[in-house]
Amino acid sequence: MNSSIIKNQYDKIVSLGSDSNTIKNELKRIKLFNSFCYLWYTVACLLILGRMIKYQILIDFDITIHLIFIVIIFCTQIIHAYGYYKLSHSLFIILLLIAIYSFCNYMVPGKMREFYFLLIPPVTLIFIDNKFLKYIFVVLAFICFSVPNLIYGYYDFWSFNDPTQSFLFFSIFIVVDYFKRTNKKNEDALAIKTSELEKINKYQSQFFINISHEIRTPLTLIKGQIEELKTFYASEPQLEEIEQKLNRQVNQIKSMVDDVLDSAKMKSSDFELNLKQINLSELINSTYMSFETNFKLKNIVFELVTSDKNYKIQADSNYLKRAINNLVVNALKYTDKGGKVSIELIQNENDLIISICDNGIGIGKEDIDKICNQFYQVDNDINRSGGSGIGLSFTKEIIELHRGKLKIKSEPSKGSRFDIVFPIEDCVIIKKETHKLVIKKESSPTKISKIKSAKKILVVDDNREMRQYLVNILEEYNCLEAEHGLEALELLEQHKVDFVITDYMMPKMDGHDFIKILKEKKYQMPILMLTARSDKESRLNSFRLGIDDYLNKPFDRDELLIRVENALNNHLTRINYIDKEEITTEEVEKAQEWIEQVEQYIFQECSSQNFKQIDIAKQFNISESSLYRKIKSSRGKTPNQFITEMKLQKAREIIENDPEVSLKRLSLEVGFKHNHYFSKMYFKRFGNKPWNED
């Protein structure tokens, strides 16, 4: 059996009577108490067995006493398991006194077993905090130790009742009590320091979140101004190139902000990876394809050393991909024109290694141990021109969270080698299957036509310029503005609103609480969360509240318009279907949790090109007609339309986590056979083409 499994089972057994809310010090006592009980059972059983074998008997007085002790200690442990700790601890010490007294005076008298009473002071100090009870038990133990000899005369009076023995008895109590109080004082001080550090980390994380919000808002406005320029200088041939360069810089800033946020988030105690089995070989291949063009532009040889095997591991593909990307980006950054970079997947006897090698500027010995510290940067010409010092720190933490190690070898002017090492026992090795990729270029999309509408949209955002920008984008709608959730609720009481666009972070009432109240009050209009918060938890929490869409800042104006239009159309289709089929509001609300499970299932399985609605029906054990009815009433789409929507949402999420992803890899990951068709559907849904169409 695996040693970790044995350890987990042992922890469960000795933690009997505790739960997730049990404080650390009490948990120590619970584990010690249960360990004492199990030790007592073991010793008693061995004594009974030994006596049976020695005297060839099944029962006698001594065996009966041992059995009685086992039953009593078992009852004491049951009391303890139900949370009556003080009572069970006191009973345990009393029982220990009785047991030792019985041994000394009835079972094996005159055998110097009285010195077992020296156990009572430390055991008392472990389990009892009450000073009065502590002294009572110690005095009782001393009386039980010395008085019986005065009555029965087992030993010579002056040798057994020597004053030095009394001194030994009480000195043990005093010394253990001193160390216990000192230890408790230190633990309390440590707990205070730990609490203070947790608060600092919490404030730090909140600071990064706030800074992210503040940065993303102006980035959104910058992108908006770029779009405005296009309307005035549409005929300028250089404009598209300028737009691409500016967007690249905006995305670079956004990526840096994301790294800072994630690095802070990983230090919180509740951070968890979304682990799934992924094909590491495919991940490396997609990384190579994503960066191939960048290396060509810099005239650097970029090699991928392939294997005839596929390696699958449990990993969070988004975070692990970003960690690997950071290492490749560094290799690109620190390797000069004409240099060489390689990425290779290596298997040896004990490890699976992702190796990124370059012949760039290298790193000095004095810096190798420091470069993975947060915000640390090697002093060189490249770093002096820019950089955040976050990438390698983020990468190392992600790799270690995946049970891996980051090993670095480097030499100035000769290059560097970064090895991501995973235990081979964590991997599944299978024969590789090859796929033939057909790459097509699609023509430029036509400009989206805008449909005038008298529908009323409520824009909720604490930034006045952002609200004005949104109102300008939505000029063909009738817009209302609110600075926060409370103001928005007041407007909703005065106006019939067809659509709500809300920020997440706002004063007085944030977007989360605002949407929660909307749902409690049974408002039925579509809701789009437009926010700088890009973390998965915020997105999922928002969707659990029942929003229709979630869009990160900075965003594309055409994408926003198309999302609004699609959400309004879906809402209208859904309402018409509900009215036609006479479906109650309660039925729709009940289906919400189910539809979230369907969304997760499609997200996991949609990479298969043969994925169909019948697969969903089989997975959730319902008929195709019931599937149609549930999805149509909940999302206003047919099952096939809903599957396509989930595929496109997954593609959007992949792009947000990996802006350099190629079209061919992206279309494969979301189950589209043809790049051209995928690109067309993506544009129709979001108003822009997938990035990096190579």
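## The second largest pocket

On a 1 Å grid laid over the protein atoms alone, a pocket is an open set of points with protein on both sides within 12 Å along at least five of seven lines, whereas a cavity is a set where a 1.4 Å probe fits but cannot get out. Grid points are joined across faces, edges and corners, and a volume is the space filled by probe spheres set on the points. Rolling a probe the size of a water molecule over the atoms shows where empty space is left. The second largest pocket here has a volume of about 750 Å³. This is a predicted model, in which local features need pLDDT of at least 70 and side-chain atom pairs count only at pLDDT 80 or more, while totals for chains, interfaces and linings use all residues. Residues are numbered from 1 along each chain as its sequence is written, and side-chain values use heavy atoms, with hydrogens and water left out.

What lines this pocket? There are 24 lining residues (those with an atom within 4 Å of a point), and V43, L47, H66, F103 and Y116 lie nearest the centre. The helices α2 (24–55), α3 (61–81) and α4 (85–107) each give at least two residues to the lining, and α2 supplies the largest share, ten residues. By type, the lining holds 18 nonpolar, two polar and four charged residues. In this count Ala, Val, Leu, Ile, Met, Phe, Trp, Tyr, Cys and Pro are nonpolar, Asp, Glu, Lys and Arg are charged, and the others, Gly among them, are polar.

## Salt bridges

How many salt bridges does the model have? With a salt bridge taken as a side-chain nitrogen of Lys or Arg within 4 Å of a carboxyl oxygen of Asp or Glu, the count is 13. One of them pairs R29 with D129, whose closest N and O atoms are 2.4 Å apart. R29 lies in helix α2 and D129 in the loop between α5 (120–127) and α6 (131–152), so this pair ties together parts that are 100 residues apart in sequence. For exposure, buried means under 20% relative accessible area, exposed means over 50%, and partly exposed is in between (1.4 Å probe, protein chains only). On that scale R29 is buried at 16%, while D129 is partly exposed at 45%.

Two other pairs sit within single helices. R563 and E559 form a salt bridge with their closest N and O atoms 2.9 Å apart. These residues are four apart in helix α19 (residues 557–581), about one helical turn, and both are buried. The side chains of R181 and D177 also meet in a salt bridge, at 3.4 Å from N to O. R181 is partly exposed at 48%, but D177 is buried at 10%. Through shared partners, salt bridges join K134, D177 and R181 into one network.

## Cysteines

If you are wondering about disulfides (pairs of cysteine sulfur atoms within 2.5 Å), the count is zero. For C144, the closest cysteine sulfur is that of C104, 9.1 Å away and too far for a bond. C144 is buried, with a relative accessible area of 17%, whereas C75 is partly exposed at 39%.

## An enclosed helix and distant partners

Helix α11 (residues 317–334) has 18 residues, and 14 of them are buried, so this helix is largely enclosed by the rest of the structure. The expected span of a helix is 1.5 Å times one less than its number of residues. For α11 that gives 26 Å, which agrees with the 26 Å between its end C-alpha atoms.

L221, in helix α8, is buried at 16% relative accessibility. Q604 belongs to helix α20 (residues 585–605) and is partly exposed at 42%. Its C-alpha atom is 9.3 Å from that of K276, 328 residues away along the chain.

## Two loop residues with positive phi

Most residues other than glycine have a negative phi. Q56 is not a glycine, yet has a positive phi of about 55°. Q56 is in the loop between α2 and α3 and is exposed, at 67% relative accessibility. R403 also has a positive phi, of about 65°, and is found in the loop between α14 (391–401) and β6 (405–411).
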